[in-house]
Amino acid sequence: MQFHHHGYVSGDPRVQPAAGVGINRPSDLPDEVDVLIVGSGPAGMLAAAQLSQFPGVTTRIVERRGGRLAIGQADGIQARSVETFQAFGFAERIIAEAYRITEMAFWKPDPADPSRIIRTARALDDPTGDISEFPHLIVNQARVLDYFAEFMANSPTRMSPDYGLEFRGLEVANEGDYPVSVTLLHTAGPDEGQERIVRAKYVVGADGARSKVRESIGCTLAGDQANHAWGVMDVLAVTDFPDIRTKCAIQSGTGGSILLIPREGGHLFRMYVDLGEVNQGDNRSVRNTTIEQIIAKANDILHPYTLDVRNVAWHSVYEVGHRLTDRFDDVLPEERGTRTPRVFITGDACHTHSAKAGQGMNVSMQDGFNLAWKLGHVLEGRSPESLLSTYSAERQVIAKNLIDFDKEWSTLMAKKPEEFEDPTELENFYVNTAEFPAGFMTQYAPSALIAEPAHQSLATGFTIGKRFKSAPVVRVCDTNPVHLGHQAKADGRWRIYVFADGAPAGSSGVVADFAEWIANSPDSPLAATPSDADRDAWFDVKVIYQQEHTSVDIGAVPAAFKPQVGPFKLTYLENVYATDPSADIFELRGLDRGGVVVVVRPDQYVANVLPLTATAELAAFFAPLLQAGVHEAV
Ligand SMILES: Cc1cc2nc3c(=O)[nH]c(=O)nc-3n(C[C@H](O)[C@H](O)[C@H](O)COP(=O)(O)OP(=O)(O)OC[C@H]3O[C@@H](n4cnc5c(N)ncnc54)[C@H](O)[C@@H]3O)c2cc1C
């Protein structure tokens with residue numbers, strides 16, 4: 001964490017200096033905003049937290065509830081999300097309060113007596129042990145939202161949600177600085193029942209499965225007609241079921257199934273109890289399933305074990321179908337390429353699926369992460385509006401893959417034991433597909449933001465289009481062993497990682513030439529950075545030497561990797577790294593010893609891999625993505 005460089009900080013260093021729109025931020029919602037986010041669920045809160053790092057952008061997030069989410073909804077946090085929380089600075093704290101999944105157990109009818117269940121298998125959550133250094137967690141959605149709320153309140157923009165405001169509709173004009181007119185209704189407070197109009201440059205619909213924003217831009221959700229219903233309950237109970245603190249898939253001889261999810265705090269657990277397909281004419285009567293009925297069904301399935309529920313923290317009948325929207329923004333298919341979007345949708349507003357794979361919250365947050373930095377870059381004049389058209393293109397594919405995966409997994413979970421040809425099919429599927437639900441199979445296709453893999457062989461472990469897979473290094477200035485990727489904050493900046501050739505620091509050669517070019521060439525992407533901003537304001541350039549840290553002379557390291565920062569023009573030394581001899585990143589990530597540049601987007605996805613000599617290619621990659629920062633840095 002970098003601080004004191006703007007003057008001594010006595011208090012909590014996570015509270016960043018207020019700047020731009022964060023100075024005298026109006027408590028009431030202004031009539032005009034740059035970005036209006038609708039809905040303070042995971043998708044909306046992550047998008048707002050990311051945009052809170054752009055002091056030149058007025059972002060507001062409205063929520064129809066009168067205050068924070070207190071309980072319920074999702075609890076599954078995949079490792080990819082914990083990686084993302086690391087960038088927002090709260091991974092360690094949420095890990096400390098969460099339940100950690102390391103194994104899953106599978107229970108099925110005892111062949112000797114199918115009226116009873118027995119444990120038939122255990123599976124490691126990360127069978128390779130190499131999917132991610134971050135854990136798979138279980139913690140309540142409300143806590144995740146709390147951390148994002150804290151992050152944005154501590155940000156330069158001092159952001160916080162505007163509760164008690166319901167989105168009613170919008171209209172998009174063809175011209176004007178604020179072309180989107182949004183109608184809101186006060187659902188709480190002194191103005192309850194009154195409507196008001198807010199005008200925005202962009203609107204982000206993060207308003208969940210029954211999204212009104214989606215409706216207002218004429219998108220349709222396609223997919224399952226029938227819903228599948230689950231009774232879900234978060235309870236405190238006394239039981240003799242031995243795996244009550246392990247994630248379990250339980251199938252009984254009577255055909256019922258349970259997904260057991262132990263929760264944070266050592267006692268609470270969640271049970272999804274399968275209530276079966278909901279028929280067309282059901283008329284939502286399944287929603288009248290009482291908690292007593294859910295508990296009774298759970299006891300049937302768990303036989304011969306018993307469940308004595310002492311307290312019910314939350315329960316719901318959760319009906320869901322597998323559905324996907326036809327587009328993620330307001331640009332009609334026939335308009336593609338003729339205009340850029342003004343309204344976007346994210347999260348459950350775009351894709352719904354079962355809770356079985358614990359994907360809802362996780363994929364929704366990645367929608368927000370993919371979109372928000374792009375909005376920030378366009379609104380701060382760093383990039384052309386065309387950047388915004390990449391959101392729908394990138395995330396629609398991922399949502400489709402998610403629904404296909406969830407369909408397969410939830411179908412397997414709902415199958416009766418006797419319907420399996422191979423009795424180990426369920427646990428095999430779990431083990432063989434572990435990387436997908438963890439969130440690491442996402443790979444964006446080549447586009448203006450993702451280069452063709454022409455030089456992929458120089459860095460086989462940093463797949464272009466996939467997230468940057470961190471690895472250990474040693475930071476030279478303080479000799480600390482650290483994880484390279486964990487140093488990348490959600491600050492909206494691009495990262496350029498320079499993996500050096502074998503030459504020692506300071507010697508002439510490809511590293512020195514690249515450093516000179518990136519720092520001083522008019523073709524360098526850094527040249528677009530506003531002249532009155534810190535040199536590293538838009539690009540975070542790091543160098544990793546092949547030598548051990550004791551052999552790296554930091555004084556000889558080119559200035560490009562030691563930016564001057566803050567009003568006192570201090571030299572920042574923490575961008576210079578060496579290999580960790582116990583885990584050589586060059587080996588781990590298949591890096592060419594001749595040196596290689598790895599370009600990473602603000603949302604942590606690898607955008608390009610190039611030889612150190614390919615400066616013209618690097619310039620050509622960034623040219624269409626950047627607009628010279630003529631405006632005053634805020
Ligand atoms: C009752 C329920 C139970 C769930 N249980 C599970 C579970 O057990 N496991 C799991 O993995 N996933 C579960 N989910 C799904 C998971 O919570 C979602 O996938 C995830 O929250 C999606 O995030 P989101 O931000 O897109 O939408 P949401 O979290 O649904 O957030 C949308 C927000 O928008 C607000 N909003 C809606 N309409 C308006 C409007 N017109 N104006 C202003 N604000 C509005 C809502 O109040 C809400 O705060 C559940 C969802 C629900 C609704």
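**Entry 1: the 12-18-20 sheet**

I started with an open sheet of 3 strands in the order 12-18-20, paired antiparallel. Its edge strands are strand 12 (221-223) and strand 20 (351-352), and each of them pairs on one side only. Before going on, I noted that this is a predicted model, where local features need pLDDT of at least 70, side-chain atom pairs count only at pLDDT 80 or more, and totals for chains, interfaces and linings use all residues. Residues are numbered from 1 along each chain as its sequence is written, and side-chain values use heavy atoms, with hydrogens and water left out.

My conventions for strands: they are DSSP runs (E, at least two residues), helices are H or I runs of at least four, and both are numbered from the N terminus. Two strands pair if DSSP finds at least two bridges between them.

Strand 12 and strand 18 (residues 323-325) run antiparallel and are joined by 3 bridges. I looked up A222 and found L324 of strand 18 opposite.

**Entry 2: R210**

Next I went to R210, which sits in the loop between strand 11 (195-205) and helix 5 (212-216). Is R210 buried or exposed? R210 is at 62% relative accessibility, so I put R210 down as exposed (over 50%; buried is under 20%, partly exposed is in between, with a 1.4 Å probe and protein chains only). From R210 to L221, 11 residues apart in sequence, I get 9.9 Å between the C-alpha atoms.

**Entry 3: the 3-7-4 sheet**

Here I found 3 strands in an open sheet, order 3-7-4, with antiparallel pairing. Strand 3 (76-77) and strand 4 (99-101) are the edge strands, each pairing on one side only. Strand 3 is joined to strand 7 (residues 136-138) by 2 bridges, and the two run antiparallel. I77 has L137 in strand 7 as its bridge partner.

I also checked R100, which belongs to strand 4. R100 has a relative accessible area of 51% and so is exposed.

**Entry 4: a hairpin**

Strand 21 (residues 472-475) pairs with strand 22 (residues 480-483) over 4 bridges, antiparallel. V473 is partnered with V482 in strand 22. The hairpin has 4 residues between the strands, and T479 takes a positive phi near 55° there.

**Entry 5: the ligand**

Which residues come nearest to the ligand? Of the 28 around it, I listed E63, F167, R270, Y272 and D348 (near: a heavy atom within 4 Å). By class the shell has 12 nonpolar, 9 polar and 7 charged residues (nonpolar: Ala, Val, Leu, Ile, Met, Phe, Trp, Tyr, Cys and Pro; charged: Asp, Glu, Lys and Arg; polar: the others, Gly among them).

Elements giving at least two shell residues each include helix 1 (42-51), strand 9 (165-172), strand 16 (269-278), strand 17 (307-320) and helix 7 (360-379).

Then I looked at polar contacts (N or O pairs within 3.5 Å). R270 has a side-chain N or O atom 2.6 Å from a ligand oxygen. For Q141, the distance from a side-chain N or O atom to a ligand oxygen is 3.0 Å. R65 also puts a polar side-chain atom 3.0 Å from an oxygen of the ligand. Taken alone, the ligand exposes 970 Å², and the protein buries 88% of that (Shrake-Rupley, 1.4 Å probe).

Why do I place the ligand between two domains? Because domain 1 (20-90 + 139-222 + 323-432) and domain 2 (99-137 + 226-320) both give residues to its shell; the bounds come from an automatic or database domain assignment.

How values were computed
Polar contact = N/O pair within 3.5 Å; in protein donor to acceptor, adjacent residues only side chain to side chain.
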